[in-house]
Amino acid sequence: MKKILALIITTILLSVFTLSCYAEVTFDTAYDLIQMWARSDSYPDYVCGVWLNDGSHSSTTISVLDTEDGNHGKEEILGLIEDDSSVTFTYGEYSRNYLADVQDELLKLFKTNEEHGLISTALDEYNSRISLGILKEYNGNEKTEQMLLDLTSEYGDIFTVSYCDEPIEDLLITAPVTETVPVQTKPHYLSTILLTLLLLSCVTFMVIRKKQAFVLKTNGGESLSVSTPLTDKQVANIVKTSDVDYPCELDNKIMDAIDKSD
């Protein structure tokens, strides 16, 4: 029985992993793909930025690194979308993930913004830069200039500066990604197949369990096969009605034993 259960479980696991390998996730358009990236914060490292052309969901530009990984990434993206005409590619200088990490590092500067006037940061995906928002009255301020010099020394020329009157909103070039787009999985009937396999395995187990024979040894040495376990009453009845075969010389041995006891 243990071997049968192990075989069934192994079959199910192999089926799940095998079918998963063939379940290729695809998207109708490039916009659907970047929606998934945004929701799960899983932008590939070769992506520099994404934005919509003319505000249309049917036309998206994806900026990639001008490297081997970036060019390979373009092929990967085309393999993930159905409508290749929905995407346009261009090259950027810095990875979007890298810029986002640097932006997170700049949060600590807000604790001392009264010294240098930095009040906001934003990803400028179109130009592959981080835009720094600084209050106008800090333009030319010694500590502000020192802060910008330190940032450039540490991170390079990844910054642009905007002097403003008050805190500015996020300057993301990309249109806000708020819609929920269902992910299409091919083959779409994967879950149906897995459920069917599970049901078939359960049915197989029940049939095997039902047909399993229980073997009963009688006191006469006979072996009886029954399809279900016997009750105590049934066992007693079988023992009562069974014939016992014993050697002919057994009577003589019994009588000799009685005489000796006298």
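What follows is a short tour, one selection at a time. Keep in mind that this is a predicted model.

**Stop 1: the aromatic rings**

Let's begin with rings. Across the whole structure, a search turns up four aromatic pairs. Select W37 and Y43 to see one of them: the ring centres are 5.9 Å apart, and with 50° between the planes the pair is tilted. Are these two buried or exposed? W37 is buried, at 4% relative accessibility, and Y43 is buried too, at 8%.

Now jump to Y155 and F159 for another pair. Here the planes stand at 75° and the ring centres sit 6.1 Å apart, so this pair is edge-to-face. Y155 and F159 are both buried.

**Stop 2: a charge over a ring**

R96 lies over the face of the Y43 ring, 3.9 Å from its centre. R96 is itself buried, since its relative accessibility is 10% and the cut-off for buried is under 20%.

**Stop 3: from R96 to E125**

Side chains of opposite charge can pair when their charged atoms come close. That is what to look for here: E125 and R96 form a salt bridge, with 3.2 Å between the closest N and O atoms. Which parts of the chain does this pair tie together? R96 is in helix α4 (residues 96-105), while E125 is in the loop between β5 (118-124) and β6 (129-135), so the bridge links parts that are 29 residues apart in sequence. E125 is buried as well, with a relative accessible area of 2%.

How many salt bridges does the structure hold? There are four, and the next stops visit others among them.

**Stop 4: D157 and R129**

Select D157 and R129. This salt bridge has its closest N and O atoms 3.9 Å apart. D157 sits in the loop between α6 (142-155) and β7 (159-164) and R129 sits in strand β6, so the pair ties together parts that are 28 residues apart in sequence.

**Stop 5: D165 and K136**

Next, pick D165 and K136. They form a salt bridge too, and their closest N and O atoms are 3.6 Å apart. D165 belongs to the loop between β7 and β8 (184-186) and K136 to the loop between β6 and α6, so this bridge joins parts 29 residues apart in sequence. D165 counts as exposed, at 58% relative accessibility, while K136 is partly exposed, at 45%.

Before moving on, select E93 together with R129 and D157. Salt bridges with shared partners connect E93, R129 and D157 into one network.

**Stop 6**

**One more look**

To finish, show Y43, R96 and E125 together. R96 lies over the face of Y43 and also forms a salt bridge with E125, so you can trace your way from a ring to a charge pair through R96.

Key
Residues are numbered from 1 along each chain as its sequence is written. This is a predicted model: local features need pLDDT of at least 70, side-chain atom pairs count only at pLDDT 80 or more; totals for chains, interfaces and linings use all residues. Side-chain values use heavy atoms; hydrogens and water are left out. Rings of Phe, Tyr and Trp (its six-membered ring) pair if their centres lie within 6.5 Å; planes under 30 degrees apart count as stacked, over 60 as edge-to-face and the rest as tilted. Buried means under 20% relative accessible area, exposed over 50%, partly exposed in between (1.4 Å probe, protein chains only). A charge sits over a ring if NZ of Lys or CZ of Arg is within 6 Å of the ring centre and within 35 degrees of the ring normal. A salt bridge is a side-chain nitrogen of Lys or Arg within 4 Å of a carboxyl oxygen of Asp or Glu. Helices (H or I, at least four residues) and strands (E, at least two) are DSSP runs, numbered from the N terminus.
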